[in-house]
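Please keep the sequence and the model at hand while reading.

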Amino acid sequence: MSVQRVNPPELAPPRGFSHAVVATGTTVFLAGQTALDADGRIVGGTVVEQFERALSNLLGALRAAGGAPDRLVSLTVYATDLAAYRAHAREIGEVWRRLAGTDYPAMAAIGVSRLWDAEALVEVQGFAVV
């Protein structure tokens, strides 16, 4: 298995993501994760707290599938308040680096009107190659 992050010099330098990722191996499809605790309740009152729990849940599923954070090749973040997500980008980046390191997948953030659980502020979904 291999993962190569591609950031062409003719594109703006990425901050917190990769422009492209080339990978070979077994693909792991990771379901969208919110800030649900083990009892199925949304925890955390801020977008940063919920992002940390959602990312932890996603990484837990990835580890259970035999992967590690550096194997993430694509991640989509869905946020009910994209302006708040952007306003807290620095703290969210700190959470990412603490939990996942400095290898960034290809990423997108999408503003949505609501998530499955009404209390959820953020959801993360991804693909990994192991």
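## Helix 1 and its packing

Helix 1 covers residues 47-64, and its 18 residues reach 25 Å from the first C-alpha to the last, close to the 26 Å expected at 1.5 Å a residue; the expected span is taken as 1.5 Å times one less than the number of residues. Helices (H or I, at least four residues) and strands (E, at least two) are DSSP runs, numbered from the N terminus. The model is a predicted one, in which local features need pLDDT of at least 70 and side-chain atom pairs count only at pLDDT 80 or more, whereas totals for chains, interfaces and linings use all residues. Residues are numbered from 1 along each chain as its sequence is written, and side-chain values use heavy atoms, with hydrogens and water left out.

The buried residues of helix 1 are Val47, Val48, Gln50, Phe51, Ala54, Leu55, Asn57, Leu58, Leu59 and Leu62, where buried means under 20% relative accessible area, exposed over 50%, and partly exposed in between, for a 1.4 Å probe and protein chains only. These buried residues pack against strand 3 (27-33), strand 4 (72-79), helix 2, helix 3 and strand 6 (122-129), contact being defined as heavy atoms within 4.5 Å. After helix 1 comes Gly66, which has a positive phi, near 95 degrees.

## Salt bridges

Side chains of opposite charge can pair when their charged atoms come close. Over the whole structure, a search finds five salt bridges, each defined as a side-chain nitrogen of Lys or Arg within 4 Å of a carboxyl oxygen of Asp or Glu. One of them joins Glu52 and Arg98, with the closest N and O atoms 2.9 Å apart. This pair links distant parts of the chain, since Glu52 belongs to helix 1 and Arg98 to helix 3, 46 residues apart. Glu52 is partly exposed at 27% relative accessibility, while Arg98 is exposed, with a relative accessible area of 52%.

Salt bridges that share partners join Asp37, Asp39 and Arg41 into one network.

Asp117 lies in the loop between strand 5 and strand 6 and is partly exposed, with a relative accessible area of 22%. Leaving aside neighbours within four places in sequence, Asp117 is in contact with Thr34, Leu36 and Ile42. By contrast, the C-alpha atoms of Asp117 and Ala12, 105 residues apart along the chain, are separated by 35 Å.

Thr34 is placed in the loop between strand 3 and helix 1 and counts as buried at 9% relative accessibility. With neighbours within four places in sequence left aside, the contacts of Thr34 include Ile42, Arg53, Ala54, Asn57 and Asp117, together with Ala120, Val122 and Glu123. Ala31, in strand 3, counts as exposed at 52% relative accessibility. Not counting residues up to four places away in sequence, Ala31 touches Leu58, Val124 and Gln125; the C-alpha atoms of Ala31 and Gln125 are separated by 5.5 Å, although the two residues are 94 residues apart along the chain.

## The largest pocket

Rolling a probe the size of a water molecule over the atoms shows where empty space is left. On a 1 Å grid over the protein atoms alone, a pocket is an open set of points where a 1.4 Å probe fits, with protein on both sides within 12 Å along at least five of seven lines, and lining residues have an atom within 4 Å of a point. The largest pocket has a volume of about 670 Å³, a volume being the space filled by probe spheres set on the points, with grid points joined across faces, edges and corners.

The lining of the largest pocket consists of 18 residues, of which Arg15, Gly16, Phe17, Tyr85 and Ala89 lie nearest its centre. Helix 2 (82-87), helix 3 (89-100) and strand 5 (106-111) each supply at least two residues of this lining, and the largest share, six residues, comes from helix 3. By type, the lining residues divide into twelve nonpolar, two polar and four charged; Ala, Val, Leu, Ile, Met, Phe, Trp, Tyr, Cys and Pro count as nonpolar, Asp, Glu, Lys and Arg as charged, and the others, Gly among them, as polar.
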